[in-house]
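Here is a short report on charged side-chain pairs and their surroundings. The sequence and structure come first.

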Amino acid sequence: MRRCMIALTFVLGLAPASSSVAFAQSSEQSNSARNQSAFSPQDLSGIWAVRVPPGVSWYNYALIADEPPMTPWAVAKFKANKPSFGPHPYEYPNDLAYGCFPPGVPRVYAAVQAAFQAVQVPGRVIIFWGRNVRQVYTDGRQHPQDLKPLWMGHSIGKWEGETFVIDTIGISDRTWLDRMGHPHSDALHLVERFQRVAQDRLDLDMTIDDPKAYTKAWTAQRTFRLRPPTSEMGEAICEDMFINDAFGLKPMLPSTK
Amino acid sequence: MRAPASPGEYSNFAFSKEEPPMTPWAEAKYKAAKPVFGPNKKPAKDSNDPIYSCFPPGVPRIYLHRRPMEIIQLPNEVIMMFEYARFVRHIYTDGRQHDEFLDPPLWMGDSIGKWEGDTLVVDVIGFNDKTWLDRVGHPHSEALHVAERIRRVDHGTLQDDITIDDSKAYKKPWTIQSTFDLQPRVDIDWEAVCEDQKLVDRQ
């Protein structure tokens with residue numbers, strides 16, 4: 001019989017002492033190289049908000065300025081998707097985000113208000129997109145076999161020098177790649193390369209590889225600025241906005257189980 | 001609450017067998033609640049429990065939902081990751097004060113904490129009045145003030161002594177307790193999305 005109602009795991013390790021131990025080797029190298037550096041390039045902790053170049057409106061709905069190279073399969077899906085963002089918004093979208101479903105990755109990056117909190121603990125980098133959590137395993141494990149589709153995918157990460165590389169598969173094809181409705185298949189393979197190039201700046205280069213949906217792999221970039229340590233992620237409750245008849249989402253009936 | 005709860009046992013849906021000292025205002029709200037548990041329980045199809053609209057359950061009610069919770073302890077905050085409702089609660093321990101301009105108020109409140117020896121003392125205000133305190137429908141007002149004293153009493157046990165102070169709803173503050181057992185190697189399952197229960201009628 002299950003003895004306990006709620007599990008508790010204490011994850012200790014971001015105390016200043018242990019983080020300096022964990023990053024001792026690389027910090028020594030980078031400190032000698034940079035001297036003045038007041039941060040560890042291998043520390044991504046904090047709340048990061050996307051930097052939007054002036055006058056670039058597509059940052060709010062797309063990953064790149066140009067059309068990605070869709071296959072006929074993807075074109076058909078793209079035409080069936082009805083986004084509320086982008087050059088051809090629909091009044092009655094069929095965007096699952098309006099049903100308060102998780103956005104998936106890399107869609108989280110296709111918004112001008114995109115912001116996330118990164119937390120580093122032993123064996124994991126945890127990335128909070130509000131209530132949508134990505135656990136990026138850094139303990140050397142591989143992706144599991146027979147992976148079922150996951151809203152935010154299955155992610156493993158490793159440091160290549162000062163670059164944190166996240167490899168993600170298993171992203172549910174119910175999610176879109178961006179907010180203008182570009183589709184992806186269950187074969188989507190996302191690689192994100194993060195580099196903390198300054199104390200307050202994080203650069204992201206991502207590669208989208210999905211041979212079923214795109215004729216070749218393509219890349220997109222974003223830059224993030226570190227928010228002050230006193231900032232908060234806030235309590236953004238999707239259901240506050242969308243549980244009403246206007247969006248066609250009716251309250252759930254209680255489960256009888 | 002350390003002993004395994006059997007179905008039907010009150011600790012599945014309430015913190016105490018005794019009725020808390022409700023004001024007339026709270027009595028009226030309690031009677032209007034249609035929970036699926038407790039003395040006023042109704043058939044599931046008639047329930048007006050806010051969690052069935054996929055709203056966050058509130059504090060301390062979320063502790064009654066028996067799904068894993070993981071604590072991440074950082075220098076400036078304690079994060080509680082709840083599998084139930086996929087909720088991430090931030091308890092700031094860096095000395096900041098409550099946000100005085102919470103508009104609208106929050107489903108899970110505004111939590112700040114401080115360490116008193118081996119006890120994490122958490123202060124929560126800024127709630128909206130849309131959540132219930134438990135699964136039997138005890139109400140609260142926006143004046144709700146929740147004070148938690150969370151302490152690891154032994155290696156495998158976390159104890160949370162909770163004081164409910166809400167002068168609009170209760171004649172005096174009352175206290176309850178939640179206990180949690182350590183479960184190593186549990187990974188939170190983030191896939192259970194409330195809206196995905198095939199009970200949502202989307203059109």
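Is Arg134(A) buried or exposed? Arg134(A) is buried, at a relative accessible area of 1%. Buried means under 20% relative accessible area, exposed over 50%, and partly exposed in between (1.4 Å probe, protein chains only).

This is a predicted model: local features need pLDDT of at least 70, side-chain atom pairs count only at pLDDT 80 or more, and totals for chains, interfaces and linings use all residues. Residues are numbered from 1 along each chain as its sequence is written, chains are lettered from A and ligands numbered from 1 in the order in which they are written, and side-chain values use heavy atoms, with hydrogens and water left out.

A salt bridge puts a side-chain nitrogen of Lys or Arg within 4 Å of a carboxyl oxygen of Asp or Glu.

| Pair | N to O distance |
|---|---|
| Glu192(A) and Arg134(A) | 2.7 Å |
| Asp200(A) and Arg225(A) | 3.5 Å |
| Arg96(B) and Glu232(A) | 2.9 Å |

Glu192(A) is buried at 0%. Asp200(A) is partly exposed, at 30% relative accessibility. Arg225(A) is partly exposed too, at 39%. The pair of Arg96(B) and Glu232(A) crosses between chains. Arg96(B) is buried, with a relative accessible area of 14%, whereas Glu232(A) is partly exposed at 32%.

Salt bridges also link Lys158(A), Glu160(A) and Arg193(A) in a network.

Elsewhere, Thr71(A) is buried at 9% relative accessibility. Not counting residues up to four places away in sequence, Thr71(A) touches Pro211(A), Lys212(A), Ala213(A), Tyr214(A) and Thr215(A). Contact means heavy atoms within 4.5 Å.

Technical notes:
Helix = DSSP H or I, 4+ residues; strand = E, 2+ residues; numbered from the N terminus.
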